[in-house]
Each structure stands twice: as C-alpha cells, then as structure tokens.
Amino acid sequence: MKMSEMTPREIVQELDKYIIGQAEAKRAVAVALRNRWRRAQVEGPLRKEITPKNILMIGPTGVGKTEIARRLAQLASAPFLKVEATKFTEVGYVGKDVESIIRDLAEIAVNMLRAERQGANSLRAEELAEDRLLDILVPGPRDSTVPRQDEGTRQKFRKMLREGRLDQQEVEVELAAPKANVEIMTPPGMEEMSAQLRDLFSNMAPQKTAKRKIPIAEARKLLAEEEAAKLVNEEEVRSLALERIQEDGIVFIDEIDKVTSRAGGQSQAEVSREGVQRDLLPLIEGASVSTRYGVVKTDHILFIASGAFHLSKPADLIPELQGRLPIRVELQALQADDLERILREPENALIRQYSALLAADGVTLQFADSGIRRIAEIAQQVNERVENIGARRLHTVMERLLEEIAFQAPDHDSQPLCIDAEYVDGRLNDLAADEDLSRYIL
C-alpha cells in the first residue's frame with residue numbers, strides 16, 4: 001500500500017513493528033503525515049495557507065524519539081535529516097550555519113531521487129551493459145554502417161551471458177573514472193559558495209576513463225550502474241528533488257533543550273544558545289534558502305524537535321519558537337515490561353540480531369522466556385541506579401552477556417546454547433548489583 005493511501009491507524013501499525021509503546025507520539029506523527037495527503041487534496045489558494053503543525057517531543061533519551069521520526073520518513077519515502085541543535089551556534093560564533101540543514105536535506109533528496117530513477121532504468125541499463133560486453137567479446141566492424149556478419153555468434157554469447165556461464169571469465173573494460181574531489185575551505189556561513197566552486201572545478205575537468213581487467217559478473221554490474229547513471233536526466237532530478245523537499249521534507253532537530261536559556265540570558269554561552277533558537281525560527285516559520293540545486297522554500301517542511309528537558313522545560317524556549325512547535329507529546333520512560341517487549345517484538349529485535357550474528361559461526365542461541373525477562377529487569381535496574389539511557393541500555397547488557405560466547409563461537413560445538421535466567425544471573429548479577437562496577441561496565 002502506498003503511504004498516501006494509509007490512514008493514521010495504519011501508519012501507527014507500521015510504526016508498531018519497530019517501536020514499542022509511545023502511542024501518543026505515534027498518533028501525533030501519523031496525523032501529521034496524513035495531513036500532508038489531506039493538504040494535497042485541497043484546491044486553490046487555500047492549499048498554500050495550510051502549513052504543517054510542527055511537533056515537539058519531550059522525553060528521556062533512548063525511548064524512541066529519533067526512531068519514530070526516522071521510520072516515519074522511511075514510510076513516506078520522504079527526504080529526512082536528523083541534526084543536533086548543539087552543532088549550531090549563533091551567527092558570529094564558531095559553528096555551523098542553520099541554513100546548512102536545508103542544504104544537507106537538498107543533497108539527500110537529490111541522491112534519493114537519483115537512486116530511484118536509476119532503479120527505474122535498471123532493465124534498460126542492463127541491456128546496454130550486456131551490449132557493451134558483447135562488443136568486447138564479439139568485436140564487430142568499427143563502421144556502424146557496415147552490416148554485422150556475426151549476429152549468430154553474438155546471440156550465442158548473449159545466451160551464455162544470461163545463463164551465467166561466462167561469469168568467471170575476465171575481460172578488460174573501460175569504465176568512467178571517479179571525479180577528483182576538490183575540497184575548498186570557506187568561513188562559516190559560506191558553505192554554498194564552497195559547493196558552487198567545487199561543482200565548477202569538477203565540471204571543468206574532463207571525464208576520464210580507466211581500463212580494468214575484471215570478471216564478467218563484476219563488469220556487468222559496474223557497466224549497468226554506469227549506463228543507469230547516463231539514463232538519468234539530472235535537470236529533472238534536481239527540479240523534482242526540490243519539489244519533494246518543499247512538499248514532503250522532514251527535519252528532526254534533536255537536543256533542542258540544550259539551546260534553551262537557563263541562566264536568565266546573562267552569560268555569553270546563554271546568549272549564543274538563544275541566538276541558535278532565533279536563527280532556527282525563520283527556517284521553521286518559512287524561509288527561502290539557496291542551495292546548489294536552487295532555492296528551497298521551507299514553509300511546508302515538517303519540523304520535529306525533541307529534547308529530554310531534564311534541566312529545563314519547553315517554556316524556556318523563546319516564545320516565537322514555542323508557537324511554531326504547537327503539538328507537544330511526552331514520551332514515557334521505559335519500564336521492564338517495555339524493555340522485554342523491545343527484546344522480543346520488533347522486526348529488528350536485538351535477540352534476533354544476535355542469534356543471526358552467531359549463527360554465522362554455527363552457534364544456535366535459544367532465548368528462554370525467563371532469560372529475556374531477566375535481561376530486561378537488569379537493564380531497568382541499571383538505568384535506575386546509574387543513568388537512564390532507555391532502550392540503549394539493552395545493547396550494553398547484551399554485549400556483556402554474550403561477550404564470552406561471541407569470543408568462543410568459532411571453536412564452539414554444535415550444541416544449542418540456552419540463555420535462561422540462571423545463565424543471565426551468572427554473567428550479570430554481580431555487575432548489576434555493584435553500582436560502581438555497573439557505572440563503568442554496563
């Protein structure tokens with residue numbers, strides 16, 4: 001089913017495959033995504049007036065804020081960029097210019113659309129690559145006006161190529177050499193000039209080719225990629241990419257709470273933090289940003305900001321920015337039940353990942369229900385005692401739990417290994433009980 005046909009309920013069901021809990025946040029982003037489709041159905045001048053309702057996610061680290069936004073963008077096939085607010089500083093201080101967000105998003109959109117176009121042309125590109133290989137294997141007359149006398153031989157070689165009987169044979173092919181990257185250093189805020197100069201010098205250099213002797217299977221793949229790139233209309237890609245950014249782009253601004261002013265705006269650092277908010281404001285309100293591919297209007301880009309807000313609160317953001325993030329959703333801290341579900345239910349669940357990794361060495365892991373429960377309990381216990389990093393704690397716990405198995409896996413016999421509560425306690429109980437040890441190890 002296409003994203004445009006999905007209802008908010010169906011969008012939430014898709015997100016449920018990867019993120020456990022956080023129903024309120026999922027509902028908010030599902031409605032925001034559906035509203036884009038609804039806006040596209042509106043006719044006339046009113047359509048331009050309908051702007052996206054940007055979202056502020058509030059919650060501790062590791063509860064799924066970034067993952068919700070990332071999976072939403074994948075679901076929508078939309079250009080998506082995640083940035084940390086802390087990498088920007090007010091103009092005049094050392095740091096990146098906030099407009100680089102849109103320039104980076106433009107690069108992502110162009111590369112995404114180019115890959116789509118190359119995929120759409122893959123069949124035609126494979127045919128052209130096949131013809132180039134046949135020209136090498138069965139050379140014909142150089143003059144294209146002279147009729148070929150070897151069509152029967154050519155068809156025999158074509159049949160062998162398609163059956164894979166020539167895959168291991170080496171041939172010498174002429175491939176386009178990659179263009180040299182020219183790095184140009186420019187002051188902060190002048191990244192666009194750097195990109196334009198880089199394009200200029202890159203286009204001035206003639207396209208070089210290099211001869212390589214490689215197996216036919218590899219040559220066929222490389223030639224197909226080269227032919228697919230030739231079939232792409234770059235001007236069309238650029239214009240459509242700009243349109244896709246403006247209509248479907250999603251920007252996720254993390255750690256927005258780190259640029260709040262918490263000391264009454266007295267120190268120089270506090271002034272700079274507030275300056276970042278004021279620089280972000282025009283982007284979120286709607287501005288025109290020049291990129292190497294053209295001007296991007298940010299009026300209809302969906303901005304999702306997030307922060308833990310441990311030491312500050314959303315009200316510490318400047319009022320204008322608060323007004324541009326009207327939808328507030330609070331994500332809940334994860335409990336042992338949530339952590340257990342995270343280990344079991346998502347399509348990319350950790351126990352499936354580790355089972356697949358160790359299966360490569362012939363080790364079969366069997367996770368008992370009691371073992372999964374105990375892993376979740378230890379993760380929650382360490383989160384409460386040391387620092388609450390949410391589901392990320394599961395990674396450190398699992399690594400520590402399976403460290404010995406992973407080290408000995410190549411020499412292990414074929415007997416399955418059962419990870420139950422007794423095994424988990426034997427490996428982790430002492431560490432989890434000792435706060436000093438868990439602080440440095442788990």
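## Contacts and overall make-up

Among the contacts in the protein with a separation of 6 or more, 76% are accounted for by residues 24 or more positions apart. The model in which these contacts were computed is a predicted one, and its secondary structure comes to 19 helices and eleven strands.

Of the 442 residues of the protein, 39% count as buried.

## Nonpolar cores

In soluble globular proteins, nonpolar side chains tend to be buried together. The largest nonpolar core here has 57 residues, and the members that touch the most others are Ile304, Phe367, Ile375, Met398 and Leu402. For Ile375, once neighbours within four places in sequence are left aside, the contacts are with Leu343, Phe367, Leu394, Val397, Met398, Leu401 and Val424.

Strand β6 spans residues 288–291 and strand β7 residues 294–297, and the two run antiparallel, joined by four bridges; together they form a hairpin with two residues between them.

In a regular strand the side chains alternate between the two faces of the sheet. Strand β6 has one covered face, made up of Val289 and Thr291, whereas Ser288 and Ser290 make up the uncovered one.

Key:
Residues numbered from 1 in each chain as written. Predicted model: local features only at pLDDT ≥ 70, side-chain atom pairs only at ≥ 80, totals over all residues. Heavy atoms only, no water. Core = buried A, V, L, I, M, F, W, Y, C linked by side-chain atoms within 4.5 Å. Buried < 20%, exposed > 50% of the residue type's maximum accessible area, 1.4 Å probe, protein only. Contact = heavy atoms within 4.5 Å. Pairing = 2+ DSSP bridges.
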